[in-house]
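Please look through the structure below before reading on.

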Amino acid sequence: MEFELWYLLSLPLLFTVGWIARGFESSVRETDNAALPRSYFRGLNLLLNDQPDKAIDAFIEVVKLDPETIELHQALGNLFRRRGEFDRAVRIHTHLLNRADLPARQRSQALDELGQDYLKAGLLDRAEDAFVRLLQDRHHRFDALRALLRIYQIEREWLKAVDSARQLESEAGESHHVAISHYYCELANDALMRDALDDAQQAVDAALSANRSSVRALILAGDIAAKRGAFDEALGHWRRVEDASAEHLPLIATRVADAMFAQGQTEQALDWLKRAMVAMPSIDLLDVVAKRTTAWRGAAAAEAVIAEETQRHPSLLGFERLLEARLAINRENGKEDVELQLLNSLLSNHTQKLARYRCAKCGFRAREYHWNCPGCSTWDSYPPRRLEELDIA
Ligand SMILES: [Zn+2]
């Protein structure tokens, strides 16, 4: 609390120093003009007495009396925003914008700050309005485009996001091809959900033309083909994922196995899964192998595969799968092993934490695999590996 108060006080103190310095510099200024207006002291006093709203009114009076305090005013608004007091920040910046005599440059600056206030407060429509207005100002255009890109991404307005990203690429020389490809993948995903396969295909083609090696776009291209019943074509797309990035094998394993199974190639599907697991040992692959082997060949066959793999690559998550398989065999045989059940539940409690995915950029942990980090909004920042494997590697 004390710290916050001093933090808040730092600005008025700077304000005072600036004011006095200005008074010394201007020798022509009359003595009474050089003095601080009463409103300033009232504002400072109110701030000290923890009455920030009344203090803001007093400081607004100061700006009316002396337009040269605009920058300090901006700083006060920004300080409120950083403290999370968005309504106060908005009041200060709105007041500045409403001043008829505000120079163009400072008007744009105030509009930028107001947009940031709204963005931080989650009032995205108002933030968008502010930044769209700023696009006309060449000094603020790129910042406005970047802010709009952020807003459109939060609002899932993917086509608008593509538009802003392309403008930043052509005008500011920035590279956004990975993000643009993902925006199209989001569109393809939405279209796929509503069975609009032509729309989905169009979006995937656009995603691949933005980024030819996009794993996500290749996976989606396969999904669209599989939904059409064109399993060979689907397998073709997914094999390109296998060739381009073996790391992403766990993301296509279920798809590949099911497409083969749908064509009556159960043995080939199980072979492919085993080969994939040898090429790219991973908990997620082991899961797919365990589930599909259980479904197609029974619990005993699954247990044998898991036992072999846990010997090769011991991990707690793998061992948990092994216990589950043994319990399933017991259930099939009408046997009950209370100790094994207890051990399995103890192990599950412990492995829950190890089963998360982790963003390589900010460390944000998630149960589900994400293409876009919920913590830092980076694309492709999640390795498709569980925490336990990441920490061993
Ligand atoms: Zn992150």
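Which helices each supply at least two residues of the lining of the second largest pocket? They are α9 (141-155) and α11. The model is a predicted one, and the pocket in question holds about 370 Å³ of space. Its lining is made up of 17 residues, and Gln153, Asn372, Ser377, Thr378 and Trp379 are the ones nearest the centre. Sorted by type, the lining residues of this second largest pocket are eight nonpolar, seven polar and two charged. Domain 1 (2-171) and domain 3 (356-393) both contribute to the lining, so the second largest pocket lies between these two domains.

One of the residues nearest the centre of that pocket, Ser377, sits in the loop between β2 and α21. Its phi is near 65°, which is a positive value in a residue that is not glycine. Ser377 counts as partly exposed because its relative accessibility is 42%. Asp380 belongs to the loop between β2 and α21 as well. Asp380 also has a positive phi, about 55°, without being a glycine. With a relative accessible area of 41%, Asp380 is partly exposed.

Next come the aromatic rings. Across the whole structure, a search finds six aromatic pairs. One of them joins Trp158 and Tyr183, whose rings are stacked, with 5.7 Å from centre to centre and 25° between the planes. This pair links distant parts of the chain, since Trp158 is in helix α10 (residues 158-172) and Tyr183 is in helix α11 (residues 177-193), 25 residues apart.

Tyr357 lies in strand β1 (residues 357-358), while Tyr369 lies in the loop between β2 (365-366) and α21 (387-392), so the pair ties together parts that are twelve residues apart in sequence. Tyr357 has a relative accessibility of 6% and therefore counts as buried. Tyr369, at 17%, counts as buried too, because the cut-off for buried is under 20%.

Ring pairs also link Trp158, Tyr183 and Trp379 into a cluster.

Tyr369 leads on to the largest pocket. About 750 Å³ of space lies in this pocket. Its lining has 27 residues, and those nearest the centre are Ile219, Pro250, Leu251, Arg255 and Tyr369. Which kinds of residue make up the lining of the largest pocket? There are 14 nonpolar, two polar and eleven charged residues. Helices α11, α13 (215-228), α15 (249-262) and α17 (283-297) each supply at least two residues of this lining. At least three lining residues come from each of domain 2 (276-353) and domain 3 (356-393).

Helix α17 also holds Thr293. Thr293 is buried, because its relative accessible area is 5%. What does the side chain of Thr293 reach? It reaches the backbone oxygen of Val289, at 2.5 Å.

Technical notes:
Residues are numbered from 1 along each chain as its sequence is written. This is a predicted model: local features need pLDDT of at least 70, side-chain atom pairs count only at pLDDT 80 or more; totals for chains, interfaces and linings use all residues. Side-chain values use heavy atoms; hydrogens and water are left out. Rings of Phe, Tyr and Trp (its six-membered ring) pair if their centres lie within 6.5 Å; planes under 30 degrees apart count as stacked, over 60 as edge-to-face and the rest as tilted. Helices (H or I, at least four residues) and strands (E, at least two) are DSSP runs, numbered from the N terminus. Buried means under 20% relative accessible area, exposed over 50%, partly exposed in between (1.4 Å probe, protein chains only). On a 1 Å grid over the protein atoms alone, a cavity is a set of points where a 1.4 Å probe fits but cannot get out, and a pocket is an open set with protein on both sides within 12 Å along at least five of seven lines; lining residues have an atom within 4 Å of a point. Grid points are joined across faces, edges and corners, and a volume is the space filled by probe spheres set on the points. Ala, Val, Leu, Ile, Met, Phe, Trp, Tyr, Cys and Pro count as nonpolar, Asp, Glu, Lys and Arg as charged, and the others, Gly among them, as polar. Domain bounds come from an automatic or database domain assignment. A polar contact is a pair of N or O atoms within 3.5 Å; within protein, one must be able to donate a hydrogen and the other to accept it, and residues adjacent in sequence count only if both atoms are side-chain atoms.
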